[in-house]
Amino acid sequence: MKKGIIDQNNKKIFITILVMLALMGLSGVMSWNISHMAEERCWDTLGQSVGQVADEIEIQVNNDQELLESIADIILQQDTIDSPEVQNIIDGFRPNTMTSHIALLLPGDKLMLPNEPIREAGSVLSFEEEAALGRHI
């Protein structure tokens, strides 16, 4: 009789161990799947957010470019590019945009900066090189 009870107890222990191992394996697989799905969802959200930010930056850059082109058109209407009126336009530029200030590169490699006298651009900028690129900002 004892031998039958021991065999039956061994079977129960063996089955219990098998069930525990199966549950541990299933738990590990499920944990990995959940982790993988969460990571993928995070990458998708990040990708969408980056796309939205890129779209917003593109809109802001286009708006800034339109604003700067309008200012350039106003400057073109002045008698001379190095006139006090043009300096007033540069000094008075106070946008709520990505552009914080503007400066003009003048012929002879001179710079017109906000609230400063016209000065030499030095070897940093060349009016001729920039002019060769055509109209740009």
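What radius of gyration has the chain, and what would a compact globule of 137 residues have?

**View 1. Overall dimensions and element order of the predicted chain.** The chain has a radius of gyration of 36 Å, whereas a compact globule of 137 residues would have one near 14 Å; the radius is taken over C-alpha atoms, and the globule rule is 2.2 Å times the number of residues to the power 0.38. Along its principal axes the C-alpha trace spans about 120 × 30 × 25 Å. The model is predicted, with local features requiring pLDDT of at least 70 and side-chain atom pairs counted only at pLDDT 80 or more, while totals for chains, interfaces and linings use all residues. Residues are numbered from 1 along each chain as its sequence is written, and side-chain values use heavy atoms, with hydrogens and water left out. Three helices and three strands are present, and from the N terminus on they run α-α-β-β-β-α; helices (H or I, at least four residues) and strands (E, at least two) are DSSP runs, numbered from the N terminus.

**View 2. The nonpolar surface patch that includes Phe14.** Phe14, Ile15, Leu18, Val19, Leu23, Leu26, Met30 and Ile34 together form this patch, with about 790 Å² of accessible area (Shrake-Rupley method with a 1.4 Å probe; for residues, only the protein chains shown count as cover). Patches are made of residues with over 30% relative accessible area and no salt bridge, like charges being joined within 9 Å and nonpolar side chains (Val, Leu, Ile, Met, Phe, Trp, Tyr) within 5 Å. Phe14 is placed in helix α1 (residues 2-76), and it counts as exposed because its relative accessibility is 53%; exposed means over 50%, buried under 20% and partly exposed in between (1.4 Å probe, protein chains only).

**View 3. The salt bridge between Arg119 and Glu116.** A search of the whole structure finds one salt bridge (a side-chain nitrogen of Lys or Arg within 4 Å of a carboxyl oxygen of Asp or Glu). Arg119 forms it with Glu116, and their closest N and O atoms are 3.4 Å apart. Arg119 is partly exposed because its relative accessibility is 43%, and Glu116 is partly exposed because its value is 34%.

View 4. Asp109 lies in the loop between β1 (104-106) and β2 (110-112). Asp109 is buried yet has no salt bridge, and Lys110, the nearest side chain of opposite charge, is 10 Å away (Lys and Arg count as positive and Asp and Glu as negative; His and the chain ends are not counted). Not counting residues up to four places away in sequence, Asp109 touches several residues, including Arg119, Leu125 and Phe127, where contact means heavy atoms within 4.5 Å.
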